[in-house]
Amino acid sequence: SVTSIGSYAFSGCTGLASPVFNQSQTMLVHYPPNKSGPYSIPSTVTSIGSSAFYGCTGLTSVTIPDSVTSIGDSAFSGCTGLTSVTIPDSVTSIGERAFYNCTGLTSVTIPDSVTSIGKRAFYNCTGLTSVTIGNGVTSIGSDAFYNCSAIRDVTFNANLSSFKASSVFSSSYQSWT
């Protein structure tokens, strides 16, 4: 009879052996923080819940299937070991702080299907050197790439009505040559 499980509901539950999904298996609610290595999200999943992978420092790569349309707030926040993620063309939104403090990421490509990138989505991704933003993006939240000072290559295909690099890239913007 449970109808809702809030963010961080399983935070700190290191004894969980397998991921937690909603009853219909369409939302990944929580991934065990003690697991390490790569992970492939099942094709039944359409959304990655808020904080689903929060603090999974041993996660090295994640395969997101074409069935996923949204990446929730703080979904991968604190996944410092995450070096590879491919965002499929099915995703339309990337939540606030989605990849916050993912210091192992070196490049990211935002596909054309994504229309919005939340505030602080890639905040403190200090290893990030290359960013490609697709032409479907109409909104990028403030500080989306804050403190990503290693960024040297940014490709914009986005159709933004207004854009201030200094508010999206903040300290990163100051270090560009």
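I take a contact to mean heavy atoms within 4.5 Å. With that in hand, I looked up how the chain touches itself: among contacts between residues at least 6 apart in sequence, 24% join residues at least 24 apart.

A note on what I am reading. This is a predicted model, in which local features need pLDDT of at least 70 and side-chain atom pairs count only at pLDDT 80 or more, while totals for chains, interfaces and linings use all residues. Residues are numbered from 1 along each chain as its sequence is written, and side-chain values use heavy atoms, with hydrogens and water left out.

**Entry: the chain as a whole**

I find 2 helices and 13 strands in the chain; these are DSSP runs numbered from the N terminus, helices being H or I of at least four residues and strands E of at least two. I then checked burial, where buried means under 20% relative accessible area, exposed over 50%, and partly exposed in between (1.4 Å probe, protein chains only). Of the 177 residues, 44% count as buried. The accessible surface, by the Shrake-Rupley method with a 1.4 Å probe, comes to about 8,000 Å², and carbon and sulfur atoms hold 47% of that.

**Entry: the sheet**

Next I traced an open sheet of 7 strands with mixed pairing, in the order β1-β2-β4-β6-β8-β10-β12. Its edge strands are β1 (20–21) and β12 (139–140), each pairing on one side only. Two strands pair if DSSP finds at least two bridges between them. For β10 (residues 116–117) and β12 I note 2 bridges, and these strands run parallel. Across that pairing, S116 stands opposite S139 in β12.

**Entry: the rings**

A pair of aromatic rings is described by the distance of the centres and the angle of the planes. My rule is that rings of Phe, Tyr and Trp (its six-membered ring) pair if their centres lie within 6.5 Å; planes under 30 degrees apart count as stacked, over 60 as edge-to-face and the rest as tilted. The count by this rule is 9 aromatic pairs.

I opened Y31 and Y39 and found a tilted pair, 4.6 Å centre to centre with 50° between the planes. Y31 counts as buried at 3% relative accessibility, and Y39 is buried with a relative accessible area of 14%.

Why is the pair of Y100 and Y123 stacked? Their planes lie at 5°, with the ring centres 4.8 Å apart, so the pair is stacked. This pair links distant parts of the chain, 23 residues apart: Y100 sits in the loop between β8 (93–94) and β9 (107–110), and Y123 in the loop between β10 and β11 (130–133). Y100 counts as partly exposed, at 28% relative accessibility.

Last, I noted one aromatic cluster, formed by Y31, Y39, F53, F76, F99, F122 and F145.
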